[in-house]
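I keep these notes for anyone who is opening this structure and wants to follow what I looked up. The entries follow the order in which I went through the model.

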Amino acid sequence: QVQLVESGGGLVQPGGSLRLSCAASGFTVGYYAIGWFRQAPGKEREGVSCISTSDGSTYYADSVKGRFTISRDNAKNTVYLQMNSLKPEDTAVYYCAAGRRPFRYYSDSDSAQYYGYWGQGTQVTVSS
């Protein structure tokens, strides 16, 4: 059974950091592009970042570039999203997703339709 489980969310002050984890079971993350999305109340879902299967190519939305880092640990079948310099506008439910299309399908913020598997999400709240 294919499953993605996010963890690591929570409440953090502006300027703080969190590391989200996306643990996969039922498939090997090394063979899939893994993306992170977020959705704030009343807003559209936004693609935040993605990492490719092969050469480790990455994509970041402009809103998080320079602050967020995506990485993969194939031995743990897990993908991470390190979030630094967090802002109140980063507050959202964060989801990870897996897909098997070529990376070019995933290198923009409107790529949700190309992912086949989704996790349940983890809440990130940035507030003082």
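I looked up what Tyr31 touches and found Thr53 and Arg100, not counting residues up to four places away in sequence; contact here means heavy atoms within 4.5 Å. The model is a predicted one, in which local features need pLDDT of at least 70 and side-chain atom pairs count only at pLDDT 80 or more, while totals for chains, interfaces and linings use all residues. Residues are numbered from 1 along each chain as its sequence is written, and side-chain values use heavy atoms, with hydrogens and water left out.

I then placed Tyr31 in the loop between strand 3 (18-25) and strand 4 (33-39), where strands are DSSP runs of E with at least two residues, helices are runs of H or I with at least four, and both are numbered from the N terminus. Is Tyr31 buried or exposed? Tyr31 has a relative accessible area of 56% and is therefore exposed, since buried means under 20%, exposed over 50% and partly exposed in between, with a 1.4 Å probe and protein chains only. I also noted that Tyr31 and Met83 are 52 residues apart in sequence and, C-alpha to C-alpha, 24 Å apart in space.

I turned to Val79, which lies in strand 8 (residues 78-83), and I recorded Val79 as buried because its relative accessibility is 0%. Leaving aside neighbours within four places in sequence, Val79 has contacts that include Leu20, Ser21, Cys22, Ile34 and Trp36. How far apart in space are Val79 and Ala23? Their C-alpha atoms are 6.7 Å apart, although 56 residues separate the two in sequence.

Asn77 sits in the loop between strand 7 (68-73) and strand 8, and with a relative accessible area of 15% Asn77 counts as buried.

Ser85 also has a positive phi, of about 50 degrees, although it is not a glycine. Beyond the residues up to four places away in sequence, Ser85 touches Gly15, Gly16, Ser17, Arg67 and Asp90. From Ser85 to Gly121 I noted 36 residues in sequence and 21 Å in space, C-alpha to C-alpha.

How many aromatic pairs does a search of the whole structure find? The search finds eight, where rings of Phe, Tyr and Trp (its six-membered ring) pair if their centres lie within 6.5 Å, and planes under 30 degrees apart count as stacked, over 60 as edge-to-face and the rest as tilted. One of them joins Phe27 and Tyr32, edge-to-face, at 4.6 Å centre to centre with 65 degrees between the planes. Phe27 counts as buried at 10% relative accessibility, and Tyr32 is buried as well, with a relative accessible area of 11%.

I next looked up Tyr106 and Tyr115, whose pair is tilted, with 4.4 Å centre to centre and 45 degrees between the planes. Tyr106 is buried at 0% relative accessibility, and Tyr115 is buried at 7%. Ring pairs also link Phe37, Tyr106, Tyr115 and Trp118 into a cluster.

I ended with the overall picture, in which the chain has 11 strands and zero helices. Buried residues make up 45% of the 128 residues. Of the contacts with a separation of 6 or more, 58% are between residues 24 or more positions apart.

For the overall form I noted that the C-alpha trace spans about 40 × 25 × 25 Å along its principal axes. The radius of gyration is 13 Å, which agrees with the value near 14 Å that a compact globule of 128 residues would have; the radius is taken over C-alpha atoms, and the globule rule is 2.2 Å times the number of residues to the power 0.38.
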